[in-house]
Amino acid sequence: MAPADDLLRNAHQSLPEGGLAKKLEVAAKEGRQLRVKLGLDPTAPDIHLGHTVVLQKLREFQDLGHRVVLIVGDYTARVGDPSGRSSTRPVLSGEQIDANAETYRRQAFTVLRDDPELLEVRRNGEWLDMPAADLFALARVATVAQILERDDFAKRFAARQPISVLETLYPLLQGYDSVAIASDVELGGTDQTFNLLLGRDVQRAYGQPEQVILTMPILPGIDGTEKMSKSLGNHVGVTEPADEQFGKTMRLPDDAMDAWFSLLSLPDPGTDASPRDRKRALARGVVARFHGDDAARAAEQRFDALFVSHAVPDDVESFPLSPAPGEAVHLPALIAEAFGRSRSDARRLLEQGGVKLDGEVVASDAYDLPASELDGRVLQVGKRHFRRLVAGPSAA
RNA sequence: GGGGGGAUGUCCGAGUGGUUAAAGGAGACGGGCUGUAAACCCGUUGGCUCUGCCUACGCAGGUUCGAAUCCUGCUCCCCCCA
């Protein structure tokens with residue numbers, strides 16, 4: 001398969017048509033690397049699977065010898081990208097942005113190759129802190145009508161929701177990033193299409209060859225419908241423990257498996273396999289990518305023990321029973337403390353039969369139990385929250 | 001500068017003097033079913049020293065036996081006209 005076709009395999013769209021193949025050709029002829037750009041939003045430091053879709057694509061470019069240029073949007077973060085937002089974003093402090101950018105960078109290496117020949121990290125504060133006259137020149141590149149073409153602006157405009165002047169500048173600033181680093185290709189999610197295309201206009205206005213844009217489909221979250229995002233709470237983080245990643249993936253609706261296999265570029269047993277086995281393969285693949293094969297197998301075993309055999313895990317965190325032996329323990333208080341819930345919540349759990357001791361449901365009216373009856377036993381809330389109770393403060 | 005609309009529980013959103021801890025929905029949590037699928041069904045969803053008490057409807061004060069609901073001031077947000 002030609003490199004361009006390969007790169008476009010699971011992509012959403014690349015514009016202009018055939019542009020990528022041409023860029024690759026020219027680069028090969030001139031014996032140079034393509035400069036492949038990705039803008040990062042330093043307001044969301046925790047990378048999840050959704051982010052890795054684009055990172056994975058960048059990795060493919062790296063594997064072909066091209067140079068990835070990550071742009072940390074420290075300066076544009078002051079503006080706030082309105083993409084997919086119905087309202088303006090809060091402004092972050094400089095220190096927060098720095099810290100977030102560093103975290104992001106570190107996590108991005110779970111996917112990208114950290115090779116100075118293949119990776120360049122820049123901050124757009126380097127060039128966007130420009131005199132007003134230069135900003136005017138940039139602002140002349142596009143018209144208000146053009147900017148309002150953008151999907152979310154158009155929607156907000158129609159719905160009479162506020163659009164700040166500052167926000168309308170964002171696409172131009174992002175486009176200027178492309179000029180500053182002489183981008184050949186820019187990647188992004190489909191929600192970035194407008195911004196990426198405008199980058200071409202900006203480059204043209206500044207007398208530069210226009211970049212090719214490549215958009216990747218949006219990965220659905222573990223709810224199977226919404227875009228994966230931390231704020232929706234439907235994400236799987238790359239730094240999450242193996243068990244969490246495995247369990248969350250297993251909760252994915254069947255319909256979403258195709259998208260996950262394709263976009264995450266994981267080996268797919270195919271639809272011949274039973275949905276259950278296929279999802280297990282998916283979960284293993286996810287965990288293996290970030291924690292390794294051994295961890296993936298171990299996670300699957302623990303998953304089976306917990307949810308298939310309903311066994312109490314052997315590595316349960318212990319929780320100290322504070323009263324002296326013989327004294328009564330107030331169960332709602334214990335549950336509240338051990339699992340970080342309110343006492344009212346704990347009472348409800350008891351009433352609904354959601355509390356178990358060593359696998360036995362605790363009677364709903366058992367509010368006080370002697371410590372001696374609890375010592376050494378495993379307290380369970382719901383299906384997957386456990387604490388081993390240990391008497392005496394010394395055990396803490 | 002002028003005019004109008006709005007701020008309710010995690011979110012959305014009803015409610016314009018009294019049986020309102022506040023309809024409905026979403027989300028979340030617990031249970032059932034199961035492949036921990038999803039979907040679906042049932043229940044719960046402010047806190048606590050829990051047959052009761054406390055706190056809550058932007059903030060502060062007032063009217064009233066009684067206010068999320070009325071009045072006054074303040075803060076913030078949105079829209080329209082100029």
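## Getting oriented

Welcome to a predicted model, in which local features need pLDDT of at least 70 and side-chain atom pairs count only at pLDDT 80 or more, while totals for chains, interfaces and linings use all residues. Residues are numbered from 1 along each chain as its sequence is written, chains are lettered from A and ligands numbered from 1 in the order in which they are written, and side-chain values use heavy atoms, with hydrogens and water left out.

Chain A has 17 helices and 13 strands. These are DSSP runs numbered from the N terminus: helices are H or I with at least four residues, and strands are E with at least two. The C-alpha trace of chain A spans about 85 × 45 × 40 Å along its principal axes. Of the 396 residues in chain A, 46% are buried (under 20% relative accessible area with a 1.4 Å probe and protein chains only; exposed is over 50%, and partly exposed lies in between). Among contacts in chain A with a separation of 6 or more, 71% join residues 24 or more positions apart; a contact means heavy atoms within 4.5 Å.

Helix α10 (residues 193-205) can be checked in the same way: its 13 residues should span 18 Å, and its end C-alpha atoms are 19 Å apart, which agrees. Among the buried residues of α10 are Phe194, Leu198 and Val202. Packing partners for the buried residues of α10 include α9 (165-181), β5 (185-189) and β6 (212-216).

## A glycine in β5

Strand β5 holds Gly189, which is buried with a relative accessible area of 13%. Beyond its neighbours within four places in sequence, Gly189 is in contact with Val54, Thr215, Met216 and Ile218. Gly189 and Pro217 are 28 residues apart along the chain, yet their C-alpha atoms are separated by 6.0 Å.

## An open sheet

Five strands make an open sheet with mixed pairing, in the order β7-β13-β12-β9-β10. Its edge strands, β7 (318-321) and β10 (360-361), each pair on one side only. Two strands pair if DSSP finds at least two bridges between them. Strands β9 (residues 355-357) and β12 (residues 378-381) run antiparallel and are joined by three bridges; Val355 has Val381 as its bridge partner in β12.

## The second largest pocket

The second largest pocket has a volume of about 710 Å³. Of its 24 lining residues, the closest to the centre are Asp243, Leu306, Pro313, Arg384 and Phe386. Elements giving two or more residues to this lining are α11, α14 and β13 (385-391). By class, the lining has twelve nonpolar, two polar and ten charged residues.

A pocket is an open set of points on a 1 Å grid over the protein atoms alone, where a 1.4 Å probe fits, with protein on both sides within 12 Å along at least five of seven lines; lining residues have an atom within 4 Å of a point. Points are joined across faces, edges and corners, and the volume is the space filled by probe spheres set on them. Nonpolar covers Ala, Val, Leu, Ile, Met, Phe, Trp, Tyr, Cys and Pro, charged covers Asp, Glu, Lys and Arg, and the others, Gly among them, count as polar.

Technical notes:
The expected span of a helix is 1.5 Å times one less than its number of residues.
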